[in-house]
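The following exercises are to be worked through with the sequence and the coordinates at hand. Each task is followed by its solution.

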There are 4 protein chains.
Amino acid sequence: MRVGVLTGGGDCPGLNAVIRAVTLKGIQEHGWEVVGFRNGWRGPLTGDSRPLTADDVEPILTRGGTILGSSRTNPYQEDGGPGRIKAVLAEQGVDALVAIGGEDTLGVANKLTDEGVNVVGVPKTIDNDLGATDYTFGFDTAVHIATEAIDRLHTTAESHHRALVVEVMGRHAGWIALHSGLAGGASVILVPETPFSVEQVVQWVERRFEREYAPIIVVAEGALPEGGAEVLQSGEKDAFGHVRLGGVGTWLADEIATRTGKESRAVVLGHTQRGGTPTAYDRVLATRFGLHAVDAVAAGDFGTMVALRGTDIVRVKLAEATAELKTVPPERYAEAQVFFG
Amino acid sequence: MRVGVLTGGGDCPGLNAVIRAVTLKGIQEHGWEVVGFRNGWRGPLTGDSRPLTADDVEPILTRGGTILGSSRTNPYQEDGGPGRIKAVLAEQGVDALVAIGGEDTLGVANKLTDEGVNVVGVPKTIDNDLGATDYTFGFDTAVHIATEAIDRLHTTAESHHRALVVEVMGRHAGWIALHSGLAGGASVILVPETPFSVEQVVQWVERRFEREYAPIIVVAEGALPEGGAEVLQSGEKDAFGHVRLGGVGTWLADEIATRTGKESRAVVLGHTQRGGTPTAYDRVLATRFGLHAVDAVAAGDFGTMVALRGTDIVRVKLAEATAELKTVPPERYAEAQVFFG
Amino acid sequence: MRVGVLTGGGDCPGLNAVIRAVTLKGIQEHGWEVVGFRNGWRGPLTGDSRPLTADDVEPILTRGGTILGSSRTNPYQEDGGPGRIKAVLAEQGVDALVAIGGEDTLGVANKLTDEGVNVVGVPKTIDNDLGATDYTFGFDTAVHIATEAIDRLHTTAESHHRALVVEVMGRHAGWIALHSGLAGGASVILVPETPFSVEQVVQWVERRFEREYAPIIVVAEGALPEGGAEVLQSGEKDAFGHVRLGGVGTWLADEIATRTGKESRAVVLGHTQRGGTPTAYDRVLATRFGLHAVDAVAAGDFGTMVALRGTDIVRVKLAEATAELKTVPPERYAEAQVFFG
Amino acid sequence: MRVGVLTGGGDCPGLNAVIRAVTLKGIQEHGWEVVGFRNGWRGPLTGDSRPLTADDVEPILTRGGTILGSSRTNPYQEDGGPGRIKAVLAEQGVDALVAIGGEDTLGVANKLTDEGVNVVGVPKTIDNDLGATDYTFGFDTAVHIATEAIDRLHTTAESHHRALVVEVMGRHAGWIALHSGLAGGASVILVPETPFSVEQVVQWVERRFEREYAPIIVVAEGALPEGGAEVLQSGEKDAFGHVRLGGVGTWLADEIATRTGKESRAVVLGHTQRGGTPTAYDRVLATRFGLHAVDAVAAGDFGTMVALRGTDIVRVKLAEATAELKTVPPERYAEAQVFFG
């Protein structure tokens, strides 16, 4: 038996740990040949693959990114895409695919399943916004990095009696902001799920200054002020035609400075949240996802995705897995508000 | 209302995060006075307490250990202990207690509940061996530290073609060994739940050397060879009357050296696994435990303990909570064995 | 004898280690009373001070920022400033001052010396650009943080076949860029001392892509393209009247994207480089500076500054100490260029 | 021209950074062929070598250990060793050697120079005990790791009102103990250069407890009590014939417990101090050593060693370089004593 692996979408610490677990267990327990397709769905679309041996994957457990490369290629937007994938798999003798990715990658996996391709999915989203699983790998690492940054910022903010706004990842879901804000002792946490009142934020900031601490405001990149002020997003082009760094974070730092008269600065963590060696938590989760994906392939249980429930790895239907975005529920956000101000 | 907090048993990263969350939420949401009892049950036994204000707990989120101190004092082994505790609580006007601790501390909390003391428990065990909760805080930090150490040891082992045995915490349960071994890419993981065959370990070690990697063996301090060889435990006194450092780890390193003829060394992580700032994961979990303990007190739901189930914090009866040790189940250990050798 | 301490200018990891060393040695070896003046020169100007005891400073060794606060107040720009300082010192019975700061703070210290105030200086610049000392504390920590970020960025850049531009501190001197670029394995390092050719940078970037690595460009915030293109600096207001985040880094990322047709992104490390616990190197250096500043005070050797020469701490005249900026010499920059491209 | 590289003696973070710098600069600036000899002097003795390309060394900057392996083989203790080395070099067309190592490796390099072999030395000692250079790479990493451990131990010691003894590397020189003890805020630091009085240590420990802090005692593995009590060294075999873990550290922890009646524990950092990714400081130093070793080879300046003086890399004669051990001078040890107790 020959099994392919691919990684799609944005990179995420732990991808290599999944690739390693799939390869080692596939080879050692089932005697499979394992091949890696390069750059997401572009690999099986164009036939770009490489064999994966135990020696190839042995040293990659601790490495960030993905040794297979990634892309956002969607075979359903390519001429004859699905057919070409089936042809490539037949040609290379690949019996089943383990597709590691987020909503888009798994959406493709789901459609290909309907067309008879043997796919097992492994969920990947650094934002932790996939509904079918308690957590996804990469999230803990991103929270860890953001928390380390917040820890560092407390002392510099306090030495200069300054407010600091930290913009973290999270376009649609505020999980990274919520967890790093709680872990970092933020004075305010703002998430995309709940539009914020600038006045309220300013009140919290001022109360914090009165208590003689320096306020740290953690804001998800997708958070927006009530009424939807025109906030340029990070990555958009500004009036100079330049890609802008920092969206709501820099906007809010300006607002706070103007309204409070205190110094206020923004920090945008950006790509540092994605890269580097995964935390122990993410390595374990990614490894277990890989091991259980092999079990699903061995059982012929295709069209499924592995998922974490409590401490168990279970299988869910791909169709359900991508059905809805997992956002921060109001009660979890409310829980955190006791620390605001 | 006046609510007391105490921390008992071995220290654990995250204790201060619980104390902070209980204090801040108690004060800000309920207007309680919060007092900290010093050194576990010794505090309420002797009346040794201090008020806890928002300013006292503001800076402790990131700090390891416990600002309240700890002890293993058991009021049921003290003359008139429970009665003295009730008298102290009455005297100091303390209406309810949040007791943070492991099996012993919570066992006392349970008995005191039966005698009419208002107690809510918060589970604490760095070994992750309490049955009623998916995880306890401190565990992730210990695994993180052990994994960092294992990461470091790979390169030194390989440069010198040497086997390294890493002894980690875990007297009765192998969770730290299992998770740090998986996360660190160990060649062998040994846990207290399954006696190991030295011959088998030696085979794995030799296979590893043949593959031109250096073997890293992660062993829980409570793991034992089959047949129960006489292995002195770390902390026991040796023939010189000196407290010994390293038990099964140093023993096994000797065995490997003798049987393989290769250099083999032991590393005992010891107290470094307990201390220091908690990981982001543990800070979030500890904070949420503290917040929910306040809810339980506010609801008058005494004799309960907060616990993690999936991503939810729930309440369980103290009586059930401490009923059984959560050890590594055979299927979890089997899952890891694909990486051995 | 009563000795005052103050910290001026931008904060820097290690300030607290100096304060602690001065206080503990002053008390324990000389029996001095030590007082801390708050917020740089504003403290002695307004009389804002606090006594410093051994217990106050015992726990601050590992803490970033400064427990005394900082400011950029210059007494020579305040009405009767120097006279007010002398009056406050007389009033509070302070016989000598230890002034910890950069060019500005030490420049004031030097002038006050001429007016008869007993001052010993301790050099502080995170940018490492003070001529009279081999290194200043804070620099190693900043380089460490920047290097960790670069380490993380390599894997994400490679997974996405993307160029990443990392903007680090260094307005006038490129030391942080040079050291973190060397330590992080950057493909290009750009410093303020040498205007760069965008074409040359693009060639290096393209060669890097051809060799199948992803280019990481480390650029000091003060670096400029040849001919002086109009590059908005980080911290300046843009056309919207908003404080801009990222200057030359975001500009260069745009240029690279336009000219190479490859994805290119900027990361601006900003305030994360300043904060948090100092590295071991900086704690030792800052501690030794503090100890030797006490020796200078005890010896009555005022108007001097402590400085590192090789492994020794020596004293230099304040007048010389701030005479010239220490920039990256051409041969040090040339040394690094073998790694470009 | 063909240039060989080898690494001898104990491994040390930064070895790979030297190998990378030598290879990249040799290839790109001089067009050399670079070969790596495996396992120290055993490589040129037996002809065991591999070519080193830019791609081989590109990713190794951040990796601990040495990709060439190491050994303690001394060609002068092998039959006809030096002659065999000359024959191998001639056979493989190797014109010059860069030998990276400590006293032993460089001693051999020096003797081989006298016999006409073209050798340039790069100093390596994690203990920082080579006289001719201000610092050696690996030392900063070891101090960093030890300091992180000490940081962690403070909170656990204080929570349990316990003394903790930390045994760090340093058989003949106390540099790691001195620097990590200063950086970690140790209550006592003990070095091999100065025999210690157990009574004095106990007094410091007791004073520390009285001040309500928990004492942390940092002891170099080579430190000894006055009068030379029989202290078994770590690594020696005990009465059971087992290799012992922890020497003076475990001995001292017992003594403190016995004499003070307080709980006291030992932690032996052991091999974790050697491994893993080098700090930024060590990567820069190791890289610069490698670059300057290439300059020495290119200049034909053999029989020399590169060394750090202040911020400059200079060349010294190999003969002088290994002449004497650099121990902690009394004034440096005295400097630290203000923090004891």
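**Exercise 1: Burial in a helix**

Task: Determine which residues in helix 9 of chain C are buried in this predicted model, and identify what they pack against.

Solution. Take buried to mean under 20% relative accessible area. By that criterion, the buried residues of helix 9 of chain C are C:Val248, C:Gly249, C:Thr250, C:Trp251, C:Leu252, C:Ala253, C:Asp254, C:Glu255, C:Ile256 and C:Thr260. Helix 9 is therefore mostly covered, with 10 of its 13 residues buried under the 20% cut-off. Next, consider the partners: within chain C, these residues pack against strand 6 (163-168), strand 7 (188-190), helix 8 (198-210), strand 8 (216-220) and strand 9 (264-268).

**Exercise 2: Helix length**

Solution. Just after the helix, C:Gly261 takes a positive phi of about 75°.

**Exercise 3: A hairpin in chain D**

Task: Describe how strand 10 (residues 304-309) and strand 11 (residues 312-317) of chain D are joined.

Solution. The two strands run antiparallel and are joined by six bridges. Across the pair, D:Leu308 stands opposite D:Ile313 of strand 11. Two residues lie between the strands of this hairpin, in which D:Gly310 has a positive phi near 65°.

**Exercise 4: Chains without contact**

Task: What is the distance between the closest C-alpha atoms of chain B and chain C, which no contact joins?

Solution. Those atoms of chain B and chain C lie 11 Å apart. For chain A and chain D, likewise joined by no contact, the closest C-alpha atoms lie 11 Å apart.

Conventions:
Residues are numbered from 1 along each chain as its sequence is written. Chains are lettered from A and ligands numbered from 1 in the order in which they are written. This is a predicted model: local features need pLDDT of at least 70, side-chain atom pairs count only at pLDDT 80 or more; totals for chains, interfaces and linings use all residues. Side-chain values use heavy atoms; hydrogens and water are left out. Buried means under 20% relative accessible area, exposed over 50%, partly exposed in between (1.4 Å probe, protein chains only). Helices (H or I, at least four residues) and strands (E, at least two) are DSSP runs, numbered from the N terminus. Contact means heavy atoms within 4.5 Å. Two strands pair if DSSP finds at least two bridges between them.
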